[in-house]
Every structure is written in C-alpha cells, then in structure tokens.
Amino acid sequence: MILVTGGTGTVGREMLPVLERLMPGEAIHLLRRPAADIRVPGLGLPSEERAALQRQARVIIHCAAEIRFNLPLDEVRETNLEGTRRMLEFAQGCPRLERFAHISTLYIAGRREGWVREAPVPHGEGYFNTYTQSKHEAEALVLAETKLPVSIHRLSSVMGGGGHVEQVLRLIPFSSEIPLLPGRPEVPVDLIDAAWTGRALATLIARHFEAGAIRHLCAGPALAPTLGELLDMAFAGGGKRPRLVSASKFEWALKAVSERTTGWRAMAGLATFLPHLSVSQPFDPGVTGDLLRREGLTPAHGRELMAAMLSALV
C-alpha cells in the first residue's frame with residue numbers, strides 16, 4: 001500500500017495517476033482532513049484502522065503541509081513540524097515499510113545567499129516567513145531519523161500551485177498601485193509547473209528511491225530566467241513598473257507608509273514571501289536532474305511558464 005498525506009493538493013493530484021501507472025500492484029490510500037488530520041495525535045484514526053494501515057503500508061509520501069506564509073510560528077509548526085514528527089512515529093510501526101518520502105521546499109535556505117545543493121542546509125541567517133522556518137525544522141527531524149528508509153524531495157516554485165511568483169503575476173493588472181518590490185534584477189527565479197512536478201515526483205519515488213537521499217525538483221540556473229527578465233516580460237505591454245529594492249528597504253517602507261496609502265494592502269500581502277527574490281539562491285538540480293533527464297523529464301524553461309501564465313491572465 002502507498003499511504004499519502006496531502007494527496008489532494010496541486011502536486012498530489014498530478015502525482016497520483018502517475019504513481020498508479022508506475023506501481024500498479026500497490027493500492028493508494030489518502031489520509032484526508034479532518035478525519036485523519038495530521039495535526040491530531042494518533043493521526044486522528046481509530047486504533048484498529050491505524051494498525052491496519054501500519055501493517056499494509058510499504059510506501060509513505062508525506063505531502064501535507066500548512067503553506068500559508070503569514071501564520072504565527074507556533075501555529076504553522078503544529079502542522080509542518082509536529083505533523084511530520086507524528087508521521088515518522090506512525091512509520092516506525094510499519095513493519096513492511098520500504099520508502100518514506102518527505103516533501104519539502106527549496107526555500108528552506110531562508111535569507112542565506114549562495115547555491116542550494118542536494119545536501120543538508122545549515123544556516124543561521126534567518127527566514128523570511130514562518131512557513132520556510134517550519135519546513136526547515138521538519139527536514140531536521142527527517143534527517144535525524146536513523147531507523148527508517150527516509151528521503152527528502154525539495155520542490156521549487158510550482159506554477160499552477162499558487163506559489164509566490166504566481167501571486168505576483170496575478171497582481172500585475174494592479175501594478176500601478178505597487179511602487180516597490182523586494183528583489184534584485186540578476187537573481188535567478190526557478191519555476192516548475194505542477195504537471196511536470198507530479199510526474200517527476202512519482203518517477204523518483206517509484207523508480208529511483210534511495211534512503212538518505214535529498215532530491216531537488218527544480219529547473220536549475222540554465223532554465224531559470226532572472227527577475228529582471230521576468231519583469232521585462234510582465235511589463236512588455238506597458239504599465240508602471242515597480243522599483244526593485246532590498247528586502248530591508250521594502251520592510252522599512254512598508255512600516256513607514258500609512259495603511260491608507262494606495263497599494264499598501266498589496267505590498268503587505270507580498271511582504272511574507274516575495275523577499276526571497278532579493279536573495280541570490282541558485283538551485284542545484286544535482287544528481288536528480290540527471291536522473292530525470294534520463295527519464296525524459298526535462299523541465300520547461302521558466303520563460304515558457306511565464307509566457308503561459310501571462311497569456312492566461314489576459
């Protein structure tokens with residue numbers, strides 16, 4: 001049996017049909033909220049049902065997460081950190097378990113500059129929001145696990161999943177109200193689409209699972225346009241282009257202006273996630289990129305995804 005949390009999300013919906021094709025002998029069981037809320041001790045399941053799932057589970061894919069960026073840290077930790085802890089405890093009672101795939105994010109690097117490799121990411125530079133902090137802490141739990149066959153799969157910004165870049169694009173028609181954006185024009189913006197991500201994730205779990213591995217599902221610098229390029233595309237048809245400033249200047253400006261100022265609400269909405277674009281963090285596809293290319297799963301260039309998104313917004 002394949003046990004999946006968060007399987008009804010954007011990536012999960014793309015992943016499940018591919019898993020069914022690649023692992024045809026395995027039944028897929030979705031743990032859903034609220035009946036099986038991962039925040040509830042014991043997974044919210046009756047003991048007999050829990051024990052039955054543990055006896056049958058050979059693969060666990062832990063996708064479920066709280067993805068809102070503006071929640072208090074204690075609240076988001078309850079799902080992302082403690083939910084992961086409970087899934088690991090559940091997995092320890094699964095005698096047939098062969099694979100535990102933990103789905104994470106490449107943005108755990110927080111405010112840290114430089115390459116993000118397929119390796120643990122220790123840093124003390126801090127985070128831009130509570131979501132990335134809680135996901136980094138959850139990774140630490142998984143990496144510390146020595147008795148289970150665990151792997152970590154970090155996702156880049158998924159187009160079609162409501163990620164931070166996508167939210168900015170949806171604000172473009174109202175861009176005249178946003179005078180400033182945090183970011184640097186030379187920063188690479190790594191974009192992947194939901195359909196590719198689901199296929200790639202299913203393929204890695206079904207065909208290339210390796211206990212202890214960290215997998216990157218990203219485009220990589222060769223296929224990642226810069227923020228400046230994306231803004232050129234976004235404003236090619238006109239409009240008042242916002243000025244790019246550092247994350248600290250953006251935060252200062254937001255505190256300095258009145259809530260009655262035009263564009264304040266839009267700027268405040270961007271403050272919890274967009275500052276990532278002010279930090280240069282090239283994502284290394286690493287070994288995973290080679291594996292996926294051999295499977296015929298090369299991601300689209302970010303410019304193609306941007307063009308498709310802009311077309312859909314017209």
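Ser 134 counts as buried, because its relative accessibility is 0% (buried means under 20% relative accessible area, exposed over 50%, and partly exposed in between, with a 1.4 Å probe and protein chains only). The model is a predicted one, in which local features need pLDDT of at least 70 and side-chain atom pairs count only at pLDDT 80 or more, while totals for chains, interfaces and linings use all residues. Residues are numbered from 1 along each chain as its sequence is written, and side-chain values use heavy atoms, with hydrogens and water left out.

Ser 134 is part of helix H5; helices (H or I, at least four residues) and strands (E, at least two) are DSSP runs, numbered from the N terminus. Setting aside residues up to four places away in sequence, Ser 134 touches Val 76, Arg 77 and Asn 80, where contact means heavy atoms within 4.5 Å. Between Ser 134 and Glu 82 there are 9.5 Å from C-alpha to C-alpha, although the two are 52 residues apart in sequence.

Two packed helices are described by the angle between their axes and the distance between the axes. For helix H3 (residues 73-80) and helix H5 (residues 130-144), the angle is about 40 degrees and the axes are 9 Å apart; axes are lines fitted to C-alpha atoms, for helices over the stretch in contact, and angles run from 0 to 180 degrees between N-to-C directions. H3 and H5 are therefore oblique to each other, given that angles under 35 degrees count as roughly parallel, over 145 as roughly antiparallel, 65 to 115 as roughly perpendicular and the rest as oblique. On the H3 side, Leu 73, Val 76, Arg 77 and Asn 80 take part, and they meet Thr 130, Tyr 131, Gln 133, Ser 134, Lys 135, Glu 137 and Ala 138 in H5. This contact comprises four nonpolar, four polar and three charged residues; Ala, Val, Leu, Ile, Met, Phe, Trp, Tyr, Cys and Pro count as nonpolar, Asp, Glu, Lys and Arg as charged, and the others, Gly among them, as polar.

H3 also meets helix H4 (residues 82-91), with axes that come within 3 Å and cross at roughly 20 degrees. H3 and H4 are therefore roughly parallel to each other. Here Arg 77, Glu 78, Thr 79 and Asn 80 in H3 face Glu 82, Gly 83, Thr 84 and Arg 86 in H4 as contacts. Four polar and four charged residues make up this contact, with no nonpolar ones.

Two further residues are worth a look. Leu 204 belongs to helix H7 (residues 194-207) and is buried, at 0% relative accessibility. Beyond its neighbours within four places in sequence, Leu 204 contacts His 153, Phe 209, Arg 215, Leu 217, Thr 288, Leu 291 and Leu 292. The C-alpha atoms of Leu 204 and Leu 292 are 7.9 Å apart, with 88 residues of separation in sequence. Ser 278 sits in the loop between helix H10 (264-270) and helix H11 (286-294), and its relative accessible area of 8% makes it buried. Its contacts, not counting residues up to four places away in sequence, include Glu 113, Phe 128, Pro 182 and Arg 184.

Turning to the whole protein, there are twelve helices and ten strands, and 54% of the 314 residues count as buried. Of the contacts between residues at least 6 apart in sequence, 82% join residues at least 24 apart.
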